[in-house]
Amino acid sequence: CEKELIQNPNTSKVADNFYTNETELEEAVNAVFATLQLTGVYNTAMPAVGELPGEDAYDETPANDGGVYGMLDDFNVIPQSELIADVWEDSYQGIQRANIVINRIQDIEFAEEATKDARKGEMLFIRAMLYFNLVRTFGDVPLVIDEVANPQDYFGQTRTPVSEVYLQIISDLDEAVGLLPVRNDDNKGRVVKTAAQTLLGKVYLTLKDYAKAKSYLDAVVESKSHKLIAADQVFSLENELNDELIFVVQYASGLSSNTEGSDAYRMFNPTGRVEENMTGTKGHGVLKPDFYALYTEADARKDVYVKTLESGLAFNNKIAVPTTVVADSDSDWVVLRYADVLLMLAEIENELGNGAEAIDYLDEVRNRANLGDYTGATDKESVFGEIDLQRRLELVWEGHRWFDLLRQGRAKSVLGITDDSKLLLPLPASQIAADPALIQNPGY
Amino acid sequence: ANSTYSQNKISVKLENTTIAHFIDEIENSTDFRFVYRVKDVDLKRKISISANDELIEKILRQVFNAGKTEFTILENQIYLTQAKNTPKAVNIPITPLIIQQSISGMITDENGDPLPGASVVEKGTTNGTATDFDGNFVLEIGPDAVLEVSYIGYKSQEIIVGSQTTISAQLEPASAALEEVVLIGYGQQSRSKVIGSVSEIKSEDLQNVTAATIDQQLAGKLSGVVINQSNGQPGQDSQIVIRGTGTLTAGSNPLIVVDGFPLSEGSSLGSINPNDIKTINILKDAASAAIYGSRAANGVILITTKAGGLNKKTTVTLDIYGGVQQQSSGMDLVDAYQFAQFLTEARNWGYVSKDPTNRSESDPNSVRVTKLIDGKQIDGRELFLTDLQPYLDGQSGLVNTDWMDQAFRTAPISNYALSISGGNDKTQYYTSLGYFDQEGVVIGTDYKRYSASINLESKVSEKVKFGVNIKPSYSIENSVDQGSRSNGALGLIPLNSPFYRAYNADGSVNISEQLVNEQHEIEGVRINGTPVENLVATSNEVGDSKQRFRVFGNTYLDAEIIDGLTYRLSLGGDYDSYIRNYYYPISVGSYRTPAPRSDAEADQYKQSKVNYLIENTLTYDKTYGDHHLNVLAGYTFQKERIDLTQVTGTGFADDNVRNIAGASTFTAISDMGIWTLESYLARLQYDFGARYLLSAAIRRDGSSRFGVNNRWGNFPSVSAGWVFSREEFFPSDGLVSFGKFSASWGQTGNNQIGTYGSKALVTGSNYVFNGAISPGFITTSAPNPDLGWEIASSMNIGLDLGLFNNKLNFTMAYYKTNTKDLLLDVPVPQQTGYDNVLANIGEMENKGWEFQLAGNNFMVGNLGIGFNANLTSYQNKVLALGPGQDRIATGRDQLFVTQIGHPIAEIYGYKVDGVFKTQDEIDNYPHLDGTITGDLRAVDVNNDGVIDSNDKVSKGTYAPDFTYGFGANVSYKGFNLSFNFTGVEGRTLLDDDLSSLTESGEGFGVPTTYYFENRYHPVNNPDGFLGQPNFGNFSNSRKILRSSVTVEEGNGDYFRFRDLRLGYDFQQDLLDKLKVSALQVYVSGNNLFTSTKWRGWNPDGTSSNILESGYTTGGNYPISSTYTVGLKISY
């Protein structure tokens, strides 16, 4: 009966027998993409981290849901927050999954070498993107780029300095740029070369290396893979994966018992929003009236990107109303798009002293919004002011604002923060408890 | 004897019938009763007889004349015996019987009081009589007679008559507790020889508690066994902890063995009808349990079900009880008027405290909505609810719904058990039918069980016998998830506001009124109240039914190969089929979503489990003079397969079809698991003159669950005992009549890690590309090929004493268990991509003392008195955790701390000593960030000037310091009164509802009366010491301290009046008239009274995660008080 003691799972796969061929590797790649849909990544947590601390959005019901959104809004996040625990856990889950594929793909034969390259590039892109989110959110974080065989070996691992993590991010993205394909109709839902270039441009911009940032973003423009489209088409469900979008995390409603949709609609729409019999929104990310007032009557984005309830309460309208279940919105989460590239380039050119080029990029965005060319003062500061305003109006509720203010070093002045420690979020208390080698950020 | 009966004339007419039928006929039509041994009478012999008004002797003579049977008539009893070898004369003497001597006498008990009904029989004959009410007897006996005097519960005596004509005999009570046979693994043993620690309880002691399952009946009855009835919902199992929790994250279920068949882990005891149980033996120490090896670390529960008996008359027993239950909990919530007061304070203070300089309580809502801060509109929770004004003004007659009254009911419970048992000289049988029906005290919950039992054993020959035990049962349980804020009645009690009615004026259920109204707008701002559905609607309309059909049992063959050597082959099986159907209709709202909702929710979960077991054992039992030897060797193999599918349906057009069939799209999950266990076992038991006892056992287990490098484990044990009272030097007439000292050591294992715990599993995680599912699979659990057994080494030292001729028995034991290689789901640093990894890590110790005292058969006149008491102490200490890890802090706010040198899951919290009443106090006292006035004040325990996690202190654990139980029974003539108390000391709980809803002071839930009366409010309650009500500006300091303030050391202690039972057994004369053999009526009550400080639902509540023991939630179904009336009748 000794044979009977060897029992292998019949309904789940086992790592020993997996990752053996292209099909299985593709499955693993899909599972890496799947982590981007998690709560702690682009479902709700990263958008909230990127938006709520900014000056335009706020939490209408800050005490609700354990206060995790309200804390971001009020700069009093506690290490016990479930939201930051999700960011940490889900991001690292994605990183580890990417590590697995990167580790295993080398020995696997693919029908097309280009596909293999593309998959590897996708993994590097995703890993870099997640680390980029982590360093901007927490500062120093433990860097793991190998497939973990025994998790217990990682007790005692300390936080890697931000600068070293950035080296890895840059190296990953550099490699990805070389591996990823040019965007076409078949691959537009995946990671394309311009996505890695855009992200790398953003990384360099964050590091204030304007020249390098410019070179990568210029490449995006020159690729002609992307263009601005009508404002009311950018976030339209009929027009998903359109040319303006560079990288999105895809969601779909009504699949797998309503589990593939996004929860962003429910979480961030005002509590008073009723669309037919669709109710149950939670109000964790509405917009301030004075911000809504910045949209002029002519602005094509008004009542498209943003709208108000009858009561006057303003909200982000980029996420489509779900059809059956409130937590199952069909909208993809847009991570990178061409308008962001143009506005980053405007900012870079302005910083490099090329005001005219900056205004050209700015005008592309203004004209799409029906605002006409920029006619204001052309000094660096004024142009920056207009670029900043257009970033707010164009990219509202796409999870950029807080990180923009951080990289520009303006979070304290714009938001009135006096305590430097508020510029980073605390590490999750559960992780400090799990391994004392992780030292909490100061002030928490 | 005066044969008055024998003068009666009877008629009988039978053609070509058997002796057996003849006997039945006579017994049915007359008062005569036959007494015989089956082997002495040829029951199948055919006869014909026709008699009209004949003397019995004459009829019997006709019938037995030609046979090999002699008869003797004594009163109404006819004794049939085998004819002596000497050939009988054709006319056997009928009357007078051979009478040579008449003897009379009196039989008394140990106190000299007469014993009515004692049996006096001439040894070697059927000649005998019973004592009368005064203990007297008269008997005519042959020469050289020896009298055997016996009485149930007393030691039999033999008296040589000699020339005496009167005899007085005083009987000594039998030391029943010590003589009785106790079940041990794969065998049995007399209690006086048991060296390990085995607790036994009999059905009579169980039935004092009316419950669906035996676990509940066991609570408080035995030392070393804690039954946590953590879920009082009908049909739910209790948590059974034997001598402390010995594991951290592996399963903590004891192994349950029914009639020799080990059920798979976590098996519900609900499939066993308590009425079918004869005894329960609990193997507590490793030496007793080690024979069950890798599954025994949490203790072993051996259940023996009722069986028939050889040569036993067929008995039909009907046992019926019915009664009512009521909830008993510590929960007490405020009424509508107090709630209006609280909510107004909470909303006002939430508004004012955000900007005290610019805001005032007296601001009307029209002003409030203009008081923006940093451009942000106010939170709707800062509005004053104008609707509440009439309540604040104390107007009478307003809606004031007591939702506890709506959620709870007086619920019926009833049980019907019918059993038939008996046997002839070869075959014995027991069969039963049971029906149990319990409505829960919470509306929408109920449980029904239909069960049967068949136990049959038959001799093929003197050397070979076989048997079958089969137990089918079918149960239906209805209950929604009580903890849910969307549909559970209990979870909704603190959220359903007393301002709303449960029913409309027309009697229909009031659907979604609260959901809609709590989201209404004032001045264009939603009030952000508590939008939940009416619990009456959810409880009645949301369907969640669980049906289980299960049949388990075994069949065995015993063959005595040579004298003393027995081979047994046993084949066991367990089939368990479970279906759960869930439906949440469109027509009932859920949290934040009023009815009609856009879709219904439905799923169906089906699981089937097939388990089989093959056991081969050889037992050799031999006595050579004073040497007694018992050797056991065996091989067993067990395999289980579980299949499950879960189908979720969405896209319901309406509520017409209330299950997944009404859905338009489906998703399904399918899973299957197999585990196997192969074992070799051996045991040697030896005793010398029942005085020196020795036992050694070993089991070798191989399990499919463990890594390839660690598949096999060995589990040895040794034990020794000394019955010093049997030594010659020991005074035989002293106070101490029995004394035994024993010591044991053994190792047991735990393998409850799930079926594929050692594998790195690759599981599904899908993405959508272009709106279509793209299946993803990736490693989600880390591999561990070294994963092996959790091994518990335990030591037991015991002392057993019998006093006053063993009427008083005292047992004490010291136990100490070290568990090594703990199967721990270690929380690992998440940068690895994993949250936990299952590994053999760490070490833990459990130790304590057990005392048990039992007194029986103490007589005061006709009053019989018995009593029992038990006390057990528990000390648990973690000795080691993972490498580089000295503590695991987990659970709510990481307040559950398991660290080296401390017990598992200590609940940490800040010491809170009141509230900050002024800004000045805050400024001059260490405080948490964001503290505002009215917030709780934590004590700076380490005096370092800041409040941080270093100021948290341990407030104790869920695992108690000690548990105890005591009770007594008193009998007088036919009356029997018994009662039991039980208690738990040193238990701490953290309740999620108390800390986040009912005592947090946030305005979302209805507060407890305790909170309301002690809340701080500068004007309305300036002496309050709990946080000021605050809705909408609930500070971080409150969030951090709200759990601490409800966690007090020992808040889960309780003392409970567990059961009270008064029964009356009808006396013989009435039974004769009713033609029944026994009739008992009784009334009983359970959980009549509980003394506890606990303000939540149930002080036995806990999370099933051991690292978070003592964490309870709002769904914690309270234990009910039960009052029943019952009747037990046997034919």
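## Chain B: domains

Start by colouring chain B by its assigned domains: domain 1 (5–82), domain 2 (101–172) and domain 3 (177–311). These bounds come from an automatic or database domain assignment. Now select domain 1 and domain 3 of chain B; their centres, taken over C-alpha atoms, are separated by 47 Å.

Before you go on, note the ground rules. This is a predicted model, in which local features need pLDDT of at least 70, side-chain atom pairs count only at pLDDT 80 or more, and totals for chains, interfaces and linings use all residues. Residues are numbered from 1 along each chain as its sequence is written, chains are lettered from A and ligands numbered from 1 in the order in which they are written, and side-chain values use heavy atoms, with hydrogens and water left out.

## Where the two chains meet

Show both chains. How many residues of chain A are in contact with chain B? The count is 91 residues of chain A, against 83 residues of chain B. Contact means heavy atoms within 4.5 Å.

The size of an interface is often given as the accessible area lost when the parts come together. Here the area buried between chain A and chain B is about 7500 Å², and carbon and sulfur atoms give 54% of it. (Buried area is the accessible area, with a 1.4 Å probe, that two parts lose on being put together, summed over both.) Select A:Leu5, A:Gln7 and A:Phe155: they supply 9% of the area that chain A buries against chain B, more than any other three residues.

Next, select A:Asp73 and B:Lys376. They form a salt bridge, with the closest N and O atoms 3.2 Å apart. A salt bridge is a side-chain nitrogen of Lys or Arg within 4 Å of a carboxyl oxygen of Asp or Glu. The rule finds 4 salt bridges across the interface of chain A and chain B. It also finds 23 residue pairs in polar contact there, both at pLDDT 80 or more. (A polar contact is a pair of N or O atoms within 3.5 Å; within protein, one must be able to donate a hydrogen and the other to accept it, and residues adjacent in sequence count only if both atoms are side-chain atoms.)

Among the elements that give two or more residues to this side of chain A are helix H4 (68–74) and helix H5 (82–105). Helices (H or I, at least four residues) and strands (E, at least two) are DSSP runs, numbered from the N terminus. The largest share of the side of chain A that touches chain B comes from H5(A), with 9 residues.

## Inside chain A

Colour domain 1 (18–180) and domain 2 (186–250 + 287–320 + 332–415) of chain A. Their C-alpha centres lie 23 Å apart. Between them, domain 1 and domain 2 of chain A bury about 3500 Å², 70% of it on carbon and sulfur atoms. Pick A:Glu51, A:Glu55 and A:Asp56, which supply 20% of the area that domain 1 of chain A buries against domain 2 of chain A, more than any other three residues.

Stay on A:Asp56. It forms a salt bridge with A:Arg392, the closest N and O atoms being 2.7 Å apart.

Now select helix H15 (residues 380–394) of chain A. Its 15 residues should span 21 Å at 1.5 Å a residue, and the end C-alpha atoms are 20 Å apart, which agrees. (The expected span is 1.5 Å times one less than the number of residues.) The buried residues of H15(A) include A:Phe384, A:Ile387 and A:Arg392. Buried means under 20% relative accessible area, exposed over 50%, partly exposed in between (1.4 Å probe, protein chains only).

Select B:Gln638, in strand E32 (residues 627–650) of chain B. Is B:Gln638 buried or exposed? It counts as buried, because its relative accessibility is 1%. Its side chain makes a polar contact of 2.8 Å with that of B:Arg295 and one of 2.9 Å with that of B:Asn611.

Go to B:Pro596, in the loop between strand E30 (565–584) and strand E31 (601–624) of chain B. The peptide bond from B:Ala595 to B:Pro596 is cis, with omega near -5°.

Finish with B:Asp893 and B:Lys1075. Phi of B:Asp893 is near 50°, a positive value in a residue other than glycine. B:Lys1075 has a positive phi of about 60°, and it is not a glycine. B:Asp893 is buried at 18% relative accessible area, whereas B:Lys1075 is exposed at 68%.
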